[in-house]
Amino acid sequence: MIGREDEVREFRQRVWGFQALLIFFWLILVMRLGYLQIFRGDDLRKFSEANRLKNEKLFPTRGIIFDRNGKVIVDNRAAFDVVLLSQYYKSNPENNARLAKALNYSPEEMEKRLQKMGRARSYIPVLLRADVSKEIIAAVETHYPSLLGVDIEATVQRRYPFKEVASQLLGHISEVDNRDIQQDSKKILQLGDYIGRMGLERYYDSELRGVNGIGYVEVDATGRRRKVEGAEKLLGFVAQTEPVPGNNLYLTLDVDLEIAAANSLKKNKYNGSVVAIDPRSGEVLALVNEPGFEPESISGREIDPKVWSNLRNNKERPLRNRAIQDIYPPGSTFKLFMAIAALAEGKATRQTSHYCNGGMSFGNRRFNCWKTHGPTDFVKSIRESCDVYYYNLGISLGPDVIAKYARLFGLGQPTEIKLPGEQRGLIPDTQWKQERFKDVWHPGETLSIAIGQGYISATPMQLANAYAAIGNGGFLYKPFLVKKIEKRNGELIKEFHPELKRKIEIPQEVFEAVKEGLYQVANTPGGTAIVSGHSKKVGISGKTGTAQVRAFSDIMRMKCESMPTKDRHHGWFVGYAPRENPEIAVAVIAEHSCHGTSAAPIVRDVIEAYFDKKNPPTPDPTEVKSKEDNPSVTEKKLHEVDGEGGEVGQIN
């Protein structure tokens, strides 16, 4: 090493430095261990022997849903679940019987619940009973010392204060499953999370759900959990990340109007749908489907299989949002678009008249009208719903022109309302017929669609929105349900405004002629809804219609009321009020009611409820007495007076 003494000296200095550094860190470790052993030893020994610490999700509170006036229509409530950790529970006949009694279970049901325990990992809590009563909580706590591993979990349950009201619109929530997690493109869902399953709960789930937090939970030797106080000081980590609550929705819906519409459907004993829209903006004021269901019954951590099965298999389809998911022939409500097309295309004027002798022959077939109208001009054709008049208009227009004008008003296409499952309906034309059936359009098919039958179909939402556009003079808005989204502290996230889909460029004199006919339907003698749709409070304009359920040949052979209920036709009434500058448009489909006159009283009830709330009426004692002495016209008499009874040939 001669001549390299400097290198050796430098190497030795580095080794000494490294050794010093090791000694320094070793001394720190010894001091830390000494501190924990001498000064904190007793605390840590107790903590280690009796408890263990694990992190758990902290679920956020789901957002609240309000109506347009600030009334709560969906919120949350505190709930308690009974859970079990199998690693602590001693399963034996005595404990099982004690637990069954506390939970109010039969021995058989208790056995089924405990079988789940064997299939789950020992450290994962198994649900024994969800959303338990105070009595069950007290019973479980009474037996706490002997029921090791059994615990009470505080949870949050979704609450729907108005029960069945707007159930299909609001929807429900449920716990995610493995399929939900696999389909989650954002990879944020975890087992134990809740998501919206239908309606607004589903469409706005990302806004309502919130963000999970993380908390540390102390689990003692009996398997019972409690929040650790000061855990971050003890072990040197953050105790929890607070969950972020979901955002609140403020709807365009008026819950009072929603209740009025639902009550009217029930009072008249019809299943069906009611849609009410503000023609000035496209705001949905009411959306009712009957029958409904109680969302809370299927929104918990545990759903009764019988309840779910009854809802899924119910032939009356309570889970179905008929307003946007069901399509029906529009019947005579479609005649308005025929009338608009004929005037706009110069195929008719207000003076154009056709003679109705109860039907007309076309080809080798006779197309009937529901009664003999005699000479019929444009306005009378709407007022009295003359089929013959529209057969003639259909021949002059042809299917493609008819389709053009129907589509201008949004028929045959989604309204783009922000709800899942909306159907587009169908407005047929010659191209569609060729693509669908590989066949040409036959002239007789034009006569069927001219009165809203045949291939044509629409949803209640589409017809309500289309008539709103007639009432406001050609402004077709996108219907919308949410006015704004806010954070829990009131901070505005997003506000929604009316969105004009299109201005329908048709001369105003065309709209005025059609609107005159609509007004006469419920306000002039001979109108098809002069009794059933007339209101003493406000001038209602509208149109009756009947959606065919059975084939035309069956209608010819028998009266609707003599058919089995499932084969009877559906009744439509679509209208708006007031006559000038309408504020509300309403579409009602009364299923299997046989006549459009059956739906008209429901529209009247909804419109009157709207204006009664806006301008509360002053009670008149003499009027109340008069109503008691003179009961209302019976349904049978009502059909006779209103006209559109469907007794002869083609329905209206």
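Is C356 buried or exposed? C356 counts as buried, because its relative accessibility is 1%; buried here means under 20% relative accessible area, exposed over 50%, and partly exposed in between, using a 1.4 Å probe and protein chains only. A word on ground rules: this is a predicted model, where local features need pLDDT of at least 70 and side-chain atom pairs count only at pLDDT 80 or more, while totals for chains, interfaces and linings use all residues. Residues are numbered from 1 along each chain as its sequence is written, and side-chain values use heavy atoms, with hydrogens and water left out.

Back to the cysteines. The sulfur of C356 sits 3.8 Å from the closest cysteine sulfur, in C386, so that gap is too far for a bond. C369 is in no disulfide either, with the sulfur of C356 as its nearest cysteine sulfur at 3.9 Å. C369 counts as buried, because its relative accessibility is 0%.

So where is the disulfide (a pair of cysteine sulfur atoms within 2.5 Å)? A search of the whole structure turns up one, and C560 and C594 make it, with their sulfurs 2.1 Å apart. C560 lies in the loop between α22 (552–557) and β23 (570–577), and C594 in the loop between β24 (584–590) and α23 (600–614), so the pair ties together parts 34 residues apart in sequence. Helices (H or I, at least four residues) and strands (E, at least two) are DSSP runs, numbered from the N terminus. The torsion about the S-S bond of C560 and C594 is about -90°, which means the disulfide is left-handed. C560 and C594 are both buried.

Strand β24 leads us on to β12 (residues 272–277), as the two pair in the antiparallel sense over six bridges; pairing takes at least two DSSP bridges between the strands. β12 is also antiparallel to β13 (residues 284–290), again with six bridges. In the β12–β13 hairpin, six residues lie between the strands, and G282 takes a positive phi near 90°. Both faces of β12 are covered: G272, V274 and A276 are buried on one side, S273, V275 and I277 on the other.

Last stop, a helix pair. α14 (residues 335–344) and α21 (residues 508–523) pack at about 145°, their axes 9 Å apart; axes are lines fitted to C-alpha atoms over the stretch in contact, and angles run from 0 to 180 degrees between N-to-C directions. L336, A339, I340, L343 and A344 in α14 meet V510, A513, V514 and L518 in α21, contact being heavy atoms within 4.5 Å.

Technical notes:
Disulfide = S-S within 2.5 Å.
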